[in-house]
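Please open the structure in your viewer and keep the selection tool at hand. The tour below goes from one selection to the next and says what is there at each stop.

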Amino acid sequence: MAVELMKGNVALAEAAIRAGVEAYFGYPITPQTELLEHMAKRMPELGRAFVQAESEVAAINMVYGAACTGARAMTSSSSPGISLMQEGFSYIAGSEVPCVVVDIMRGGPGLGNIQPSQSDYFQVTRSAGHGDYHAIVLAPASVQEAIDLMVEAFDLADEYRHLVFVVADGLIGQMMEPAELPAMKPIRRPRGDWALTGADGREKNIITSLELNAPDLEELNNRLQAKLAHIREHEQRSTEMLTGDARLIVVGYGTSGRIAETAVKQARREGMKVGLFRPISLWPFPEKRLSALADQVGAFLVVEMNAGQMLDDVRLAAGGQVPVTFYGRTGGMVPMPEEIYDEIVTQYNKLTTSAV
Amino acid sequence: MATTAMVEEKVVYQRPESLESIPTHYCPGCTHGVAHRLVAEVLDELGVRERTIGVSPVGCSVFAYKYFNTDGAEAAHGRAPAMATGIKRIMPDRVVFTYQGDGDLAAIGIAEIVHAATRGENFTTIFINNAIYGMTGGQMAPTTLPGQRTTSSPVGRDVELTGFPIRMAELLSGAPGAAYVVRRSLHNVKEINRAKRAIKTAFEVQLAGLGFSMVELLSACPTGWKVTPPEAMDWIEQQMVPYYPLGDYKIADGVEQLAKRR
Amino acid sequence: MAKGRIEINEDHCKGCSLCVIACPQNVIELATDRVNAKGYYPAMLVDPEGNCTGCAICAVACPDVCITVYRQVPVKASSAAAAL
């Protein structure tokens, strides 16, 4: 495959197609609409299912239905639409069917605006619907990584029969970058033995999240939690730069991680021992690696495009060993590298003075 | 040889294969059981049990998937038509149906049913209209009749405050993608037999790929209405049928030919 | 008139009486001397004169699919011979 210039949203859509998605259901919302538009053109060309639903509520429940047949199914939306889909997320998690959801986050709360934001970290990592579960959440920082994680998202969804988010913001969704798409994968066959395909020559299959008997529902929850514990142990993903000798590590994901990279490089040029840690899986949060880093650094500086959400996870991973400070912008404001650099200088100076 | 007539005993009615042999949780005299049986008989007669996928609603029939001997899914409240859309789009050669009550279909799920019908989704909906929310204990439904007492309209439904009950068959008959939309009742044997013929036609419409099909069934809720089962049947006939006239509301081109072929 | 009989699955019966009022021969009654496991008075065939015709109207009315209907039909000559 050749490297070509691609818009993030289109790259996400085409990557899903290459990964063998059989059904896309969605509703237009800025800043992810190009993803839906690409699907509207490509899916019928390939003889696959595309429906522009009447709402995000309907879209996620169509995904739920398609996923019940064992097909690779997905939707995409942005923050207010993701709020509407929470019902479906919960049923999908409860009945353990695989599906993939793309969330191109925008500024909130409420209707907010259409500017890039990371203000739905809590929503996707903590409370993607009622009940006791986490979704797997992957956060790319470039168009190429968006493509790679999109393919991986479908594999993870299938492997764990679970809900997987790919979350980015309008900046990654809208920007054009050179990237390379994977080869087209064949549509997955046969369907899983759990799938709804008609009870021909076998006992009937039922897919439900309903269990009125409390001991049985507890057992179901225990099974779900065991699965999530396994995911937590095995699926933590992160990348880092210049952390080996770092006294201060900046922690940021997606767009804020990418901007922080520029600021960290600037700080290095100025002789400061600063590194970057970029979580790729937001759930499971890469706590193992971050905890190890907490043993060797003086402080963490968390940078997000929100009021401080991943901050909680970094604090938990740091376990009170070192100070964890925060720099963020909200409302769709994207921090400039200079702002982050200034904050690095402030925090770094605190370290050197306190060390004296 | 003896001249007495030789006779043998034949089974003329027994439980259909598409219905599990387990007792239902429905109240005495609730006609959900009749509707279940009719759907199961039709699936048997059409020979499609092994390739049928049912979608259950939230409401009294939340456990319909336990009773039908077919593959089944349990939808969120009102979302069965969306789920059925997802299933049918992936597996167009399977028989897909939703089974929904009036709260599920006519209140919380009205967007999903209207748009499924509008798109002409090729599945069948069995719509149980019993003018009340049964599962939660008898609250006012969008189909509750004017003046009808429920636990949330304790002095009777006041249309000045709550509007008039919604007529779904009439509403959905206006959807371009709807091929077959009819209303039947389950209050006596004659009407039950007519309801079964309609359900069969609805599934045949789907098998012929003609588009969305729905059979609305006026159904009894003796517990919610606080009457005996026989009184409930009279109540359907005397109170519900005048507001919800039985009949065919949408018969698209091609449907008549199906009936003739049978 | 054809001769018939019905069997009622008493464990599934909820005593709703819809079969009782549907039966054209008035040969179904609710038990008054016993209840089933769920506490309902089950329906039963009371047909000392053999009036049940096996018309299956009760089964059509029954919301709980409790009723199996049998009807006596003449045996064709060939199958009668085979039976002998």
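Begin by colouring chain A of this predicted model according to its domain assignment, which gives domain 1 as residues 3-234 and domain 2 as residues 238-355. The C-alpha centres of domain 1 and domain 2 of chain A lie 29 Å apart, and if you select the residues where they touch, you will have 33 from domain 1 in contact with 27 from domain 2.

Stay at this boundary within chain A, where the two domains bury about 2500 Å² between them, with 52% of that area on carbon and sulfur atoms. On the side of domain 1, select A:Gln118, A:Tyr121 and A:Arg232, the residues that lose the most area to domain 2 and that together account for 30% of what that side buries.

Next, show side chains across the same interface of domain 1 and domain 2 of chain A, where five salt bridges are found along with 21 residue pairs in polar contact, both residues being at pLDDT 80 or more. For one salt bridge, zoom in on A:Lys288 and A:Glu233, whose closest N and O atoms are 3.2 Å apart. Among the elements that each supply at least two residues of the domain 1 side are helix H7 (143-160), strand E7 (163-169) and helix H9 (214-234) of chain A, and H9(A) gives the most, with four residues. By residue class, this side of domain 1 divides into 17 nonpolar, nine polar and seven charged residues.

Now bring chain B into view and select its boundary with chain A, where 35 residues of chain A are in contact with 35 residues of chain B. The two chains bury about 2600 Å² between them, 62% of it on carbon and sulfur atoms, and in chain A the residues that lose the most area to chain B are A:Glu54, A:Lys204 and A:Leu210, together 21% of what that side buries.

Within E3(B), the bridge partner of A:Ile206 is B:Gly72.

Notes. Residues are numbered from 1 along each chain as its sequence is written. Chains are lettered from A and ligands numbered from 1 in the order in which they are written. This is a predicted model: local features need pLDDT of at least 70, side-chain atom pairs count only at pLDDT 80 or more; totals for chains, interfaces and linings use all residues. Side-chain values use heavy atoms; hydrogens and water are left out. Domain bounds come from an automatic or database domain assignment. Contact means heavy atoms within 4.5 Å. Buried area is the accessible area (1.4 Å probe) that two parts lose on being put together, summed over both. A salt bridge is a side-chain nitrogen of Lys or Arg within 4 Å of a carboxyl oxygen of Asp or Glu. A polar contact is a pair of N or O atoms within 3.5 Å; within protein, one must be able to donate a hydrogen and the other to accept it, and residues adjacent in sequence count only if both atoms are side-chain atoms. Ala, Val, Leu, Ile, Met, Phe, Trp, Tyr, Cys and Pro count as nonpolar, Asp, Glu, Lys and Arg as charged, and the others, Gly among them, as polar. Two strands pair if DSSP finds at least two bridges between them.
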